[in-house]
Amino acid sequence: MWLAPLLFFLVLPIATWGRLKSDPFYSNVLIFSGLGGLAYLLTQGFAIGISGWEFAVFESIFGPMDDRQFGLGYGALFVSASFLFALTQGIAARGAINGDVFVVSSIGLVVAVVAAFVFFPVLQILTSALRDNEGVYSIAVFLTKFSSHKIWGLGCLSANVSCGAAWNSLFLATLVGAGTTSLGLAFALVATRSGWKYRRLLRALTVLPIITPPFVIGLAIILLFGLSGVITTFVGDLIGVTPTRWVYGLPGIMIAQMLAYTPIAFLVLIGVVEGVSPSMEEAAQTLRADNWKTFTTVSLPLMRPGLANAFLLGFIESMADFGNPLVLGGNFDVLSTEIFFAIVGAQNDQGQAAVLAIVLLSFTLSAFFLQRKWLGRKTYTTVTGKGDSGVPAMLPRRVRYPVFSITLGWTAMTLVIYFMILFGGFVEIWGLDHTLTFKHYITAFSISFTEDGMLWTGAAWNSFWTTITIALTAAPLTAMVGLLTAYLLVRQVFTGKQVFEFGTMLSFAIPGTVIGVSYIIAFNVPPFELTGTAVILVICFVFRNMPVGVRAGIAAMSQLDKSLDEASLTLGANSWYTLRKVVLPLLRPAIVAALVYSFVRAMTAISAVIFLVSAEHNMATAYIIGRVENNDYGIAIAYSTVLIFVMLTAVVTFQLVVGERKLGRRVERGEAESVIKEGEPA
Amino acid sequence: MSIKSNAATVSFDKVSKIYGGSVVAVDQVSFKIEAGRLVTLLGPSGCGKTTTLRMIAGLDMASKGRVFIGDEDVTKLPATDRDVSMVFQSYALFPHMTVGENIAYGLKVSGMDKSESDDRSEDGLKLVGLTGYGTRLPSELSGGQQQRVAVARALVLEPQVLLFDEPLSNLDAKLRRQVREEIRDIQTNLELTVVYVTHDQEEALAVSDRIIVMKNAEIAQEGTPRELYEEPADLFVADFIGDANVVTAEISSIDGDWANVRVGNAETRLPSRGMKPGKTQVAIRPESLQISDSNESGTIEAEVVKATYLGSHMEYTLDSAVGELFVVEPDISNAISIGSTISVRLRNHGIALVE
C-alpha cells in the first residue's frame, strides 16, 4: 500500500507528450518525476525495516507498524532504473553536455551503481564503527575500540608480547614494499639491460601471480619450510637441529608476499626502466661518465617516481593481503585477518570489525593518494617504452653481478614453489607419507557414471561450478561498467569529472576484507537484502574488479585518435552510435583483456569472498581455505592446482586469440601489461 | 555527378571561446562567409583559427556570441545535428571499415537504405578519382589517397559547409600543390561553401576567394588574396603573408587619397590610407625593389652583403641607408657580387604604408 505513490511518479512523464525537447516544461517534468520517484523509493525503503519503522520520527507520525518489508527485488530494480533514466533525460534536455542523452544517462548510471555498491557500504561500515552491540551510537565506544592494545600496542619491542595489529601490518607492508621493489628492479634490469638470452622467460613468469590464488604460495611455503617441510627436515637432518615453526609469522608471510607481488613490481619497473631515455645515458657517456656513474647519477634518479610507485603498490597489496597471513600468520596478527576473526569467530563484534576496517582503510587510502599525487595521470596510460632509437647502456659490473645472482636465485625459488604446488597434490600425506597417489584428486573431482547419467561426485565440484558460473556472470558486467566508465573519463568533459573519476577508482584502494565486511553490514537488511545470495557475490566482483576494466579501457582509448570520434560526430552520428560502431570495434583487444582478467580475478578472489559465501553458494577459494583449516592439505593443493590450470588455459587462449589481431600494433602487449600493472589486492 | 551542392552562408556574431574562465582562445570574432566561396583562416600557431573552425563544426561550443549557418542560429547545436562536414588533419578514416564503408558511414547514420547509399558512395569515389577502391582498407592506401577518401566521405553528405583542417600538412611538398588544386576544383565545380584552415600563406593565396588572417585570438585583416598581399593593414599581416622589408619613411604631403612618400633618397606615390604627413613605416615586397649598378638620383644607395642563387631568381641582402633590405631579383644572368655598391629603385607596386 505504501508503494502506491510510486505510480504517480511513474505516470507523470506522460504529461510531456508532444512537447519539444527544448521546452523547459519537458525537462522540468522529467527531472521532477525521476528525482521524486527515486527519493520516495529510497526514503520508503529505508524507513521501514525488518520489524516496523526504522526511525522513531515516522512512528510518531504514522503510528506503530507491525508489518515487515522485504528487500528490493528485480521489480524495484526496474522501477528505479526507469526513474533514473527519466531524471537523466530531463537533465540532458536542459542542455547538459549539449543534450547528449546517452552520455548523461551513462554518467547517471555509473554514479548510481557506484554510490549504491561502493559508497553506501563504506558509509555503513563507518557508521557501524560508531555503534556498540546494542546499536546505540557512541563515540566513547568507538574511541576505546580504536585505541585498543590489540591494534596499537607496542609491547613486542620491549617484552615478549605481540604488537598491535596496526603496527604489524604497517611494518610488514613496508618491508614487503621495499623488498618487492628491489627484487622487481633487479628483474627489470636483467630483463632489459643485460643482454641475457633467457630474458623472455622472465616475462613469462609474470603471468604466474595472476593465475595463482593468493594463499597457494603460502601453502607451498608450509610444504617447504613448515614443521615437516621438505627443506626444514632436510636442513634439520643435515646440521642436527630440530625443525621449528620458524616460518609461521612474519618471516613466512614476508616470503610469501614477496613471491606473490614481485612480478607485479617487475611489470611496473620494466616500463620505468625502458622509459629512461637511452639518449640521456648516451649523453652522460659522451660527457665522460662511466657506466657506474651514469647508472647512479642519471638512470636511477630518472626511475625514482617509478620506484615510488612500485613501493606503494607492494605496500597496498601487502596491507590488503588476507590469504597468506591466514595460512602463515601464526601469532603475528595483521589487520586483514583480525577483521575476519572479529566477524567469523566467537566475538561476532561488528563494531570491532568496522573499527579495524577503518584503520586498514586509512592506511591503504593514504598510500593510494600518495601514489596518485606522485604520479599524476601517468599511472593510467600505457608506457610502451618506445621513444628514441638509442641503445641503453649496459649495467655497470658492480650492479650486474649482484642483480644477476638475486634474479637467478629468486627465479629458482619461484620455480621450486610452483613445483611443490604441483607435486603436493599427488602426495599421500605431506611430511609423513610421501607415496604418490591420486587420492586427493579423486576425492575432489571424481565423476561417476550411473544409469541416470553423469554424476559429479567429487567434493569439489559444487564450489567449482559455482565459482565458474559466478565468475562468468561477473566478467562481462565488469567489462561493461569498466569500459563505459573509461569512455566517459577519456572522451567526455563534464563538471565534477574529477570527483567522478576518484569515486570510480576508489574501490582499488579498498581492501577486499573491508569490502566483504561492509557488504555484510550494508546488505544484510532491507532495503538491500542480498547476503547469502549469488547476486551479492556477482556485485562484489563487479565493483572490486571495475578498476581493471576502467584501466584497460583508458589505456586503449587513449591510443585511439580523438579525431575518429569527432569525424563520426560530424558525419551525423550521436555518441551511442559512435561508441558502438567506431570505438568498441577498435577496442576489441582491450575488451577481451578486461573480460579475461575479470574472470581470473573473480576465480582467485578470497578476501571479500570469504565473508559472502553461504551454504548454497560456496566459492572454490573459500572451500580450499576450509580444507586448509582442517589440515586437509592434500585436497587443498590438488584443488589449487586445478584452479591454476583452468586459469592458465583461459589466459593462454586469450593471448593466442588476441595475438592474431590484424591491427598489428605493439599496443596489445602494452595493453595487456597495463591491465595488470596496477595489480590489486585480492 | 549526382552530388549536389547545398551551400549556405556562415556568420559569426561576436563569438568568443574562453577556456577555464581565463584563457581566451577566440576573442569576439565576427565575419560573414558567402555561400559557394572558399574562405581560408590563416595565421600562426595558437592564433585561434582551429578553434574557430571547430566552432563552425560544433565540436567546440562558443562561450559567447552567436553562430549562424544559413539563416539558422546553430550556436547551441552539437556537431551531430549540424549540416557541416569536416576533413581532419589526420584524415580520421575508420581503420576497421573499408573505403566504401567509410564513405557510406554518414549516409547510413541518416538512415539511407543500402542500395542508395552504395550508389552515392560510388559517386563520391568517382568525384575524387578513386573508382574501384571501395573494398580496400585505409591502411592499404597512400597518404594522398586516404585524404581523398576523407574528402569523399565529407562530400557525399552534401553538407551546407565543408571544413578543411590543415589538409595538406601530412603530404609531401610535391603532392601539396596537386592536391590543393584538386580541392579548389571540386569546390568551384560544386559551388560549395568551404572554410579552410592553414598556416601556409602560399597555400592560402593559391586556393582562396577570401582570406581571414588571425592573430592572438582576433582577426588581423580580412580580404582577397590580392588585397592582403598588396595592401597589408599592419606590420603583422605584411610580414606574415609573403616577405616584407619594413623601413622608416616619411609622408611629405597628402593629395586626396594619395600620399607622397620619401624612403631614403627615393620617392614614390602610395595610397594614403587615411594617414597624415610625418614619420611612418612602409612595407616593401622583396620583388618591388629594383637593383642596378648605375648611380642614379632618386635611388637608395646600398652595399651587397649576401648574394644567393636559387635557380629561378637571385636573393640579395643589402646594407643600405634605410636599413637592411632583402631583394628578390629575377635576372640571374647579371649576378652582382658581394661588396659591390649598387642603387635600389622602388617599383610602382608592392609597397604599402603601414602603421
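This is a predicted model: local features need pLDDT of at least 70, side-chain atom pairs count only at pLDDT 80 or more; totals for chains, interfaces and linings use all residues.
Local features are given where pLDDT is at least 70 and side-chain atom pairs where pLDDT is 80 or more, whereas totals for chains, interfaces and linings use all residues. Residues are numbered from 1 along each chain as its sequence is written, chains are lettered from A and ligands numbered from 1 in the order in which they are written, and side-chain values use heavy atoms, with hydrogens and water left out.

**Figure 1. Overview of chain A.** Chain A contains 32 helices and six strands; these elements are DSSP runs, helices being H or I of at least four residues and strands E of at least two, numbered from the N terminus. Of the 682 residues in chain A, 55% are buried, where buried means under 20% relative accessible area, exposed over 50%, and partly exposed in between (1.4 Å probe, protein chains only). A contact means heavy atoms within 4.5 Å. Among contacts in chain A between residues at least 6 apart in sequence, 74% join residues at least 24 apart. The accessible surface of chain A is about 29800 Å², and carbon and sulfur atoms account for 67% of it; accessible areas come from the Shrake-Rupley method with a 1.4 Å probe, and for residues only the protein chains shown count as cover.

**Figure 2. Helix α24 of chain A.** This helix spans residues 512–522 and is mostly covered, with 11 of its 11 residues buried. Among them are Gly512(A), Val514(A), Tyr519(A) and Ala522(A).

**Figure 3. The surroundings of Ser106(A).** Ser106(A) lies in helix α5 of chain A, which covers residues 101–129. Its relative accessible area is 5%, so Ser106(A) is buried. When residues up to four places away in sequence are not counted, Ser106(A) touches Leu484(A) and Leu488(A).

Figure 4. Strand β7(B), residues 161–165, is largely enclosed by the rest of the structure, because five of its five residues are buried. Val161(B), Leu163(B) and Asp165(B) are buried on one side, and Leu162(B) and Phe164(B) are buried on the other. Two strands pair if DSSP finds at least two bridges between them. Strand β6 of chain B (residues 84–87) runs parallel to β7(B) and is joined to it by four bridges; within β7(B), Val161(B) is the bridge partner of Val84(B). Strand β8 of chain B (residues 194–198) also pairs with β7(B) in the parallel sense, over four bridges, and here Leu163(B) stands opposite Val195(B).

**Figure 5. An open sheet in chain B.** Five strands form this open sheet in the order β15-β19-β16-β17-β18, with antiparallel pairing. Strands β15 (289–292) and β18 (323–329) of chain B are the edge strands, each pairing on one side only. From one strand to the next, the twist averages 40°; axes are lines fitted to C-alpha atoms, for helices over the stretch in contact, and angles run from 0 to 180 degrees between N-to-C directions. Strand β16 (residues 300–309) and strand β19 (residues 341–346) of chain B run antiparallel and are joined by four bridges. Ile300(B) stands opposite Val344(B) in β19(B).

**Figure 6. The interface of chain A and chain B.** The contact takes 20 residues from chain A and 25 from chain B. The two chains bury about 1900 Å² between them, 67% of it on carbon and sulfur atoms; buried area is the accessible area (1.4 Å probe) that two parts lose on being put together, summed over both. One salt bridge is found across the interface of chain A and chain B, the term denoting a side-chain nitrogen of Lys or Arg within 4 Å of a carboxyl oxygen of Asp or Glu. Arg54(B) forms a salt bridge with Glu566(A), the closest N and O atoms being 2.7 Å apart.
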